[in-house]
Amino acid sequence: MSTPANPTTPAPRAKMFLTPGDDPRRGGPTKGDERTTLTEFLRVQRLTLELKCQGLDAEQLARRAAEPSTLSLLGLVRHLAKVEQIWFRERMAGQDVTRRYSTPEEPDGDFDGAVPDPEVVAEAWAAWREEVAFAERYVAEAPSLDVICVDPRGGLEISLRTILVHMVEEYARHNGHADLLRERIDGRVGE
């Protein structure tokens, strides 16, 4: 007769967040040119953020990591919508748009405004999806990854290639935060 598992014991790290057969991040291109490879890695990172937030209500999504941090899953969704907008709409496409979630008076509005309100959650996901769709179209239509923008913070020329690598890094870092936030909310762990 086996002894039942202790419910207070943390889940083993080896357990997957999703079973491999149910994981939509699998099955993308594993071989390909540079654009295909970079866009696939970014697609998987974006999808990971969605999966880490899946099934949570507004209160759970807005729950902060630990005082005094303002870090929350909802804040990450809002922050990444803003980052997508900055790099692809503002810098690469040169659009003059009102920046999402931050102003000179409220530079951390992406995290500070992540409150447990279903309308705030719905707006954040809509904004994130809109910015991701714009970025995907921009990358797909770009003549090459050598297209450049000039970063206004110092006049440095930056290629679309570099921005794609940066976005993979940005999501990967924040998905690490999302891992810890999700585990704190309901104990779910995994990739």
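1. A search of the whole structure finds one aromatic pair. The rings of Trp-125 and Trp-128 have their centres 5.5 Å apart and their planes at 85°, so they form an edge-to-face pair. For the cut-offs, rings of Phe, Tyr and Trp (its six-membered ring) pair if their centres lie within 6.5 Å; planes under 30 degrees apart are stacked, over 60 edge-to-face, and the rest tilted.

2. A word on what you are looking at: this is a predicted model, in which local features need pLDDT of at least 70 and side-chain atom pairs count only at pLDDT 80 or more, while totals for chains, interfaces and linings use all residues. Residues are numbered from 1 along each chain as its sequence is written, and side-chain values use heavy atoms, with hydrogens and water left out.

3. Where do Trp-125 and Trp-128 lie? Both are in helix H5, three residues apart, about one turn of the helix. Helices here are DSSP runs (H or I, at least four residues), numbered from the N terminus.

4. Helix H5 covers residues 118-141, and its 24 residues reach 35 Å from first C-alpha to last, close to the expected 34 Å. That expected span is 1.5 Å times one less than the number of residues. At the N-terminal end, Asp-117 caps H5, with a side-chain oxygen 2.7 Å from the backbone nitrogen of Glu-119.

5. What covers the buried residues of H5? The cover includes helix H1 (34-53), helix H2 (58-62), helix H3 (73-92) and helix H6 (160-186).

6. Of its 46 residues, Leu-73, Phe-88, Trp-128 and Leu-160 touch the most other members. H1, H2, H3, H5 and H6 are the elements that give two or more residues to this core, and H5 gives the most, with eleven. In soluble globular proteins, nonpolar side chains tend to be buried together.

7. Leu-160 is worth a click. Leaving aside neighbours within four places in sequence, Leu-160 is in contact (heavy atoms within 4.5 Å) with residues including Phe-88, Tyr-138 and Val-139.

8. Two arginines sit over rings. The charged end of Arg-89 is over the ring of Phe-134, 4.2 Å from its centre, and Arg-91 lies over the face of Trp-87, at 4.7 Å from the ring centre. The test is that NZ of Lys or CZ of Arg is within 6 Å of the ring centre and within 35 degrees of the ring normal.

9. Finally, look at the backbone in the loops. Most residues other than glycine have a negative phi, and most peptide bonds are trans. A cis peptide bond joins Glu-67 and Pro-68, with omega about 5°; Pro-68 is in the loop between H2 and H3. Tyr-101, in the loop between H3 and helix H4 (109-112), has a positive phi near 65°. Is Tyr-101 buried or exposed? Tyr-101 counts as buried because its relative accessibility is 15%.

Technical notes:
A polar contact is a pair of N or O atoms within 3.5 Å; within protein, one must be able to donate a hydrogen and the other to accept it, and residues adjacent in sequence count only if both atoms are side-chain atoms. A nonpolar core is a set of buried Ala, Val, Leu, Ile, Met, Phe, Trp, Tyr and Cys residues joined through side-chain atoms within 4.5 Å. Buried means under 20% relative accessible area, exposed over 50%, partly exposed in between (1.4 Å probe, protein chains only).
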